[in-house]
Amino acid sequence: MAKFDKKKLWIIGIIAAVVIIGGSVGAIKYTSTNAFCVLCHTYEENSWMVGQHPEVNCITCHTKGLIMDKTVGIKKVFLTATGMVDPWHDKLPVKFKEEKCIACHFEPATDENKDLIDRHAKYTENVEGCLTCHGNVGHVQEILNEKYEYSKQQQ
Ligand code: HEC
Ligand code: HEC
Ligand code: HEC
Ligand code: HEC
């Protein structure tokens with residue numbers, strides 16, 4: 001009898017592990033989709049769709065690595081749920097890493113992008129970063145700004 005119970009425990013344990021791991025893999029996948037992001041970032045969806053990178057997913061530009069994303073994500077759900085931040089209208093403290101742009105456009109250096117990189121070596125002599133000149137790449141700013149205007153009207 002004792003042997004049977006042990007086996008049963010093992011089986012229950014394995015099923016539980018599969019459900020938990022399977023469930024969180026699903027959760028990780030879902031919480032990395034555009035559909036999930038735009039639940040809270042509606043204006044960003046509109047300003048991204050008509051921008052220069054509608055084929056690039058939100059998470060590709062905005063990831064800080066899986067662990068950080070999910071930790072920050074839990075904090076964001078908390079801030080939204082408690083009303084401390086209104087992600088639909090507030091200006092959010094975004095820190096964008098331009099290595100993301102470089103990884104897609106300048107690295108690796110191929111024949112195709114060699115001239116572009118050479119030209120940019122001159123452009124970036126006095127200007128740092130990409131966003132000073134390419135401010136609309138992720139989101140068309142005029143559309144994104146509508147979100148803050150609406151926020152002011154409500155106050
Ligand atoms: C539950 C609502 C909610 C969801 C879903 C959500 N966010 Fe956010 N997001 C927020 C809140 C709230 C903030 C402000 C956080 C703060 O003030 O610290 C924020 C901030 C941001 C910022 C600016 C700060 C930073 O970290 O650079 C970016 C970019 C961002 N979210 C992208 C995303 C992406 C990409 C997704 C999907 C993977 C996503 N968000 C899903 C609520 C959400
Ligand atoms: C090509 C890269 C790129 C893609 C794709 C992209 N973004 Fe962004 N996002 C940016 C950049 C760049 C900024 C502005 C950073 C700055 O001005 O410092 C930004 C800003 C934001 C902010 C902060 C807005 C605020 O209030 O200031 C949020 C939130 C955000 N993006 C969410 C999203 C979501 C959701 C998607 C997908 C629907 C997405 N982004 C797709 C590059 C991108
Ligand atoms: C996931 C890869 C990826 C990332 C990240 C990315 N881009 Fe792009 N970018 C592309 C692709 C693909 C195109 C379309 C290329 C084409 O049509 O020739 C593009 C197009 C562009 C264009 C030309 C748009 C046009 O209409 O001619 C510029 C400028 C640009 N990206 C700059 C940036 C900057 C700056 C960043 C960082 C904020 C960035 N990209 C991030 C892949 C990326
Ligand atoms: C001082 C302004 C300036 C800065 C800073 C700058 N660029 Fe550019 N970029 C330009 C100009 C002007 C063009 C169009 C002329 C050309 O292709 O040389 C351009 C074109 C591009 C294109 C090609 C668009 C197309 O139509 O194919 C890409 C991709 C690009 N930049 C990416 C970047 C990335 C990534 C960064 C950051 C590392 C960056 N740029 C920083 C001014 C700048």
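**Entry 1: the chain.** I kept in mind that I was looking at a predicted model. I looked up the domain assignment, and it gives domain 1 as 1-30 and domain 2 as 42-154. Then I checked how the two are spaced: 40 Å separate the centres of domain 1 and domain 2, taken over C-alpha atoms.

**Entry 2: ligand 3.** Which residues come nearest to ligand 3? I found Q52, C101, C104, C130 and H134, out of 13 residues around this ligand. Next I looked at the helices. Both α4 (58-62) and α6 (99-105) supply at least two residues of the shell around ligand 3. The one that gives the most is α6, with 4 residues. I also sorted the shell around ligand 3 by type, and got 6 nonpolar, 6 polar and 1 charged.

**Entry 3: ligand 4.** Ligand 4 is surrounded by 15 residues, and the closest are C101, Y123, V127, C130 and C133. I spotted C101 and C130 in this list, and I had already written both down for ligand 3.

Which helix makes the largest share of the shell around ligand 4? That turned out to be α7, with 4 residues. Helix α7 runs over 111-123, and both α6 and α7 supply at least two residues to this shell.

**Entry 4: looking back.** I noted that α6 turns up in the shell around ligand 3 and also in the shell around ligand 4.

Conventions. Residues are numbered from 1 along each chain as its sequence is written. Chains are lettered from A and ligands numbered from 1 in the order in which they are written. This is a predicted model: local features need pLDDT of at least 70, side-chain atom pairs count only at pLDDT 80 or more; totals for chains, interfaces and linings use all residues. A residue is near a molecule or strand if its C-beta atom, placed from the backbone, lies within 6 Å of it. Ala, Val, Leu, Ile, Met, Phe, Trp, Tyr, Cys and Pro count as nonpolar, Asp, Glu, Lys and Arg as charged, and the others, Gly among them, as polar. Domain bounds come from an automatic or database domain assignment.
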